[in-house]
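Here are my notes on this model, written for someone new to reading structures. Please keep the 3D view open and check each point as you go.

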Amino acid sequence: MTAFKSDLLNTLQERGFIHQCSDFEGLDALAAKGEATTYVGYDCTARSLHIGNYLTMMMLHWLQQSGNKPITLMGGGTTMVGDPSGKDETRAMRTIAEIEANKESIRGVFAKVLRYGEGKSDAVMLDNAEWLTKLNWIEMLRDVGRHFSVNRMLTMDSVRLRLEREQEMSFIEFNYMVCQAYDFVELAKRTGCRLQMGGSDQWGNIIMGVDLGRRMGTHQLFALTTPLLTTASGAKMGKTAQGAVWLNADQFSPYDFWQYWRNTEDADVGKFLKLFTTLPMAEIRKLEALGGSEINEAKKVLATEATALLHGRDAANEAAETARRTFEERATAETLPTVLIPEHEQKYLFGEGLSVLIAVQLTKLVRSNGEARRLIDSRGVKINDETVDSIMKMLTSADLKDGAIKVSLGKKKHVLLKPA
């Protein structure tokens, strides 16, 4: 492990954030003086950011804690273009109204981990629509486009991998890296920004910005990326049977967020404590050293601390208590995730009966009818804590307990079904 001069790089290295850096020595010297003003860009493609974005938000958190200034850049402009990284198809084009709505929806999450204000190391939020939408096409080609080599652009992973898979890439997507590179140069001029951080899939785009800055006469720029998020079993992190792990509470509840971390694989507990909590490293080392059934206590700490950071301590404690009552006391808790039974299915519930197969699918915890059948056949489904032993079972109004039916899949997934 390299010993750095700056608290920033020492912290990021110790916690496992560092994958690639364009110039460790230069960045280390800059960060040690508190002059590593840094940005991460966040496109507004959805109403909420997801767990992958949370990783770079945590990088900005530690950057601020080390006395350096973070910039959260909203992609009001780049979202109109669409990042082709990791995609086989052109992203759906969003209207300006949709982009603005998404932007407003995700703004609030940043203040959970960053301090905004007017101070030297206080975070600021900018929007690249401010300059990208005002560019003149011919001037852009002459002043910026001339610095880009198409030969080199074709070697970038976001382009090369798409072409190797023989998937079409639109001209607008091909220009995404130009826009991102220009963002870096613009921020360097406007704010004195020196560093761009991002996921490992953004390395090529970020390096393009470093190179463009050199060609357009800015101060030296730096690039730093974090590893691709994967679990110990090799799966890409951030997906559940319900879909993506969103950061907005109205799209992924604090309880679901808590459960997501509680279900971490044993081998990942230490890694995720370092990346997604602010616990001191000494405490993390003690927790990751636990073995056997004790590792479950470490998972609960991970779940509570990660949830508290994003949703607040009260929400985290409530989620932990709900889990304790549900899984340790087998009680039906009012704060369990709730799914409303559609009106067209209610007529069966209050009539001849609602098929347990349909009920399991309504929870959105399975992907298909076949998966629901397999779970029932393996006795992995419970209704109101009673094991279902037949796919022919029908649920009626008699199964409503306090106005809801508790559906459990395995030991850890529980949902309340309620009539709409």
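This is a predicted model: local features need pLDDT of at least 70, side-chain atom pairs count only at pLDDT 80 or more; totals for chains, interfaces and linings use all residues.

1. Start with the side chain of asparagine 68, which reaches the backbone oxygen of alanine 31 at 3.4 Å.

2. Where does asparagine 68 lie? Find the loop between helix H3 (51–65) and strand S3 (70–75). Is asparagine 68 buried or exposed? Its relative accessible area is 0%, so asparagine 68 is buried. Leave aside neighbours within four places in sequence, and asparagine 68 is in contact with Leu30, Ala31, Gly34, Glu35, Ala36, Leu63 and Ser121.

3. Next, look at strand S2, residues 38–43. Five of its six residues are buried, so read this strand as mostly covered, given that buried means under 20% relative accessible area. S2 and S3 run parallel, and six bridges join them. One example is tyrosine 42, whose bridge partner in S3 is methionine 74. To get from S2 to S3, the chain passes through H3. This β-α-β crossover is right-handed.

4. S2 also pairs with strand S5 (residues 195–199). These two strands run parallel and are joined by two bridges. Look for threonine 38, which stands opposite leucine 195 in S5. As you trace a strand, remember a general point: in a regular strand the side chains alternate between the two faces of the sheet.

5. Now follow the chain past S3. Glycine 76 lies in the loop between S3 and helix H4 (96–107). With a relative accessible area of 2%, glycine 76 is buried. How far apart are glycine 76 and aspartate 43 in space, C-alpha to C-alpha? The distance is 6.8 Å, although they are 33 residues apart in sequence. Not counting residues up to four places away in sequence, glycine 76 touches Cys44, Ile99, Lys103, Asp127, Asn128 and Ala129.

6. Turn to the aromatic rings. A pair of aromatic rings is described by the distance of the centres and the angle of the planes. How many aromatic pairs are there? The count comes to ten. One of them joins phenylalanine 4 and phenylalanine 24. Their ring centres are 5.5 Å apart and their planes are at 35°, so the pair is tilted. Phenylalanine 4 lies in the segment before helix H1 (7–15), while phenylalanine 24 is in helix H2 (residues 24–32). The pair therefore ties together parts that are 20 residues apart in sequence. Phenylalanine 4 counts as buried at 13% relative accessibility, whereas phenylalanine 24 counts as partly exposed at 33%.

7. Then check tyrosine 39 and phenylalanine 184. Here the ring centres are 5.6 Å apart and the planes are at 65°, so the pair is edge-to-face. Tyrosine 39 belongs to strand S2, and phenylalanine 184 to helix H10 (residues 176–191). What does that mean along the chain? The pair ties together parts that are 145 residues apart in sequence. Tyrosine 39 counts as buried at 1% relative accessibility. Phenylalanine 184 is buried too, with a relative accessible area of 0%.

8. Last, look for a cluster of rings. Which residues do ring pairs link into a cluster? They are Tyr54, Phe257, Tyr260, Trp261, Phe272 and Phe276.

Methods:
Residues are numbered from 1 along each chain as its sequence is written. Side-chain values use heavy atoms; hydrogens and water are left out. Helices (H or I, at least four residues) and strands (E, at least two) are DSSP runs, numbered from the N terminus. Buried means under 20% relative accessible area, exposed over 50%, partly exposed in between (1.4 Å probe, protein chains only). A polar contact is a pair of N or O atoms within 3.5 Å; within protein, one must be able to donate a hydrogen and the other to accept it, and residues adjacent in sequence count only if both atoms are side-chain atoms. Contact means heavy atoms within 4.5 Å. Two strands pair if DSSP finds at least two bridges between them. A crossover is right-handed if, with the strands pointing away from the viewer, the path from the first strand over the helix to the second runs clockwise. Rings of Phe, Tyr and Trp (its six-membered ring) pair if their centres lie within 6.5 Å; planes under 30 degrees apart count as stacked, over 60 as edge-to-face and the rest as tilted.
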